[in-house]
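Let's take a walk through this protein together. Have a look at the model first, and then we'll go through it piece by piece.

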Amino acid sequence: MDKKRYDDFLKQGVNVLDYENVYVEPSVTVGSGTTLEPFCVLLGLTTVGCNCTVGSFSYLKNAKILDGAEIRSSRITDSAVGQNTTVGPNAHLRQNSVVGDNCRVGNFVELKNSVLGQGSKASHLTYIGDAEVGKDCNVGCGVVFVNYDGKTKHRTEVGDNVFIGCNCNLVAPVRIASDCFIACGTTVTKDTVKDDFVIGRSRETVKPNTANKYLVKK
């Protein structure tokens with residue numbers, strides 16, 4: 001960023017921690033009270049609201065970031081983030097993804113052409129592709145929205161107040177109704193109705209005194 005743009009930002013109440021190591025294209029707008037940390041990149045028609053934080057090594061292109069949002073070391077392209085939402089570190093939002101207000105998109109979470117409703121959380125290691133997730137949902141660690149059958153992309157719809165446990169696969173096209181609980185380790189291939197509890201894993205088998213047959217002796 002050149003010194004003139006830096007001075008303009010200061011007058012607007014934008015806090016740039018190291019202007020020589022921040023890249024902001026002329027088409028970008030940033031609101032007052034927002035902090036730009038070193039090594040962030042803002043391109044295209046990106047707009048950042050007031051009182052936001054754009055953390056180091058974040059990359060925003062044609063992104064819309066609303067007031068109070070926090071972006072940490074993440075990549076957001078052609079997508080929008082709601083008020084008081086946190087993204088990252090190391091998250092990726094792309095292809096017209098929309099994250100609502102008061103959401104959490106955590107580390108190594110990817111959204112592609114999807115909506116995450118107000119108050120919903122996907123905290124880590126999850127892929128949400130071609131989906132619409134409702135309000136106040138929990139998407140657990142390792143969940144995959146299975147959107148591609150080898151020929152065509154399909155969509156998944158998730159209602160409000162749905163709990164999706166760790167390591168679940170939602171095989172599109174599929175609809176998860178509101179107030180459902182999907183137990184961890186479940187592969188969902190059929191639509192559900194409100195208040196369903198869905199579990200699709202087999203119970204473990206324990207064979208005593210057998211592990212030594214499989215362990216490598218040192």
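Seven bridges join strand 16 to strand 18, and the two run parallel. Strands here, like helices, are DSSP runs numbered from the N terminus, with at least two residues (E) for a strand and at least four (H or I) for a helix; two strands pair if DSSP finds at least two bridges between them. Before going further, note that this is a predicted model, where local features need pLDDT of at least 70 and side-chain atom pairs count only at pLDDT 80 or more, while totals for chains, interfaces and linings use all residues. Residues are numbered from 1 along each chain as its sequence is written, and side-chain values use heavy atoms, leaving out hydrogens and water.

Back to strand 16. Across to strand 18, Lys-112 has Gly-129 as its bridge partner. Strand 16 also has parallel links to strand 14 (residues 92-94), through three bridges, and to strand 13 (residues 86-87), through two. If you want landmarks, find His-92, whose bridge partner in strand 16 is Glu-110, and Val-87, which sits opposite Val-105.

Now look for an open sheet of nine strands, paired in parallel in the order 3-6-9-12-15-17-19-22-25. Its edges are strand 3 (29-30) and strand 25, each of which pairs on one side only. Within this sheet, strand 19 and strand 22 (residues 156-158) are held in parallel by three bridges, with Glu-132 opposite Glu-157.

What about the inside? The largest nonpolar core has 51 residues, and those touching the most other members are Leu-36, Leu-42, Ile-65, Phe-145 and Ile-164. Such a core is a set of buried Ala, Val, Leu, Ile, Met, Phe, Trp, Tyr and Cys residues joined through side-chain atoms within 4.5 Å. "Buried" is under 20% relative accessible area, "exposed" is over 50%, and "partly exposed" is in between (1.4 Å probe, protein chains only). Helix 1 (3-11), strand 16 (104-112), strand 18 (121-129), strand 19 (131-133) and strand 25 (174-176) each bring at least two residues to this core, and strand 16 gives the largest share, three residues. Zoom in on Phe-145: leaving aside residues up to four places away in sequence, its contacts (heavy atoms within 4.5 Å) include Tyr-127, Ile-128, Val-158, Ile-164 and Leu-170.

Arg-5, Tyr-6 and Phe-9 are buried. Strand 1 (15-16), strand 2 (23-24), strand 3 and strand 4 (35-36) are among the elements covering the buried residues. Just past the helix, Gly-13 has a positive phi of about 85 degrees.

Finally, the cysteines. Cys-40 is buried at 1% relative accessibility, whereas Cys-50 is partly exposed at 27%.
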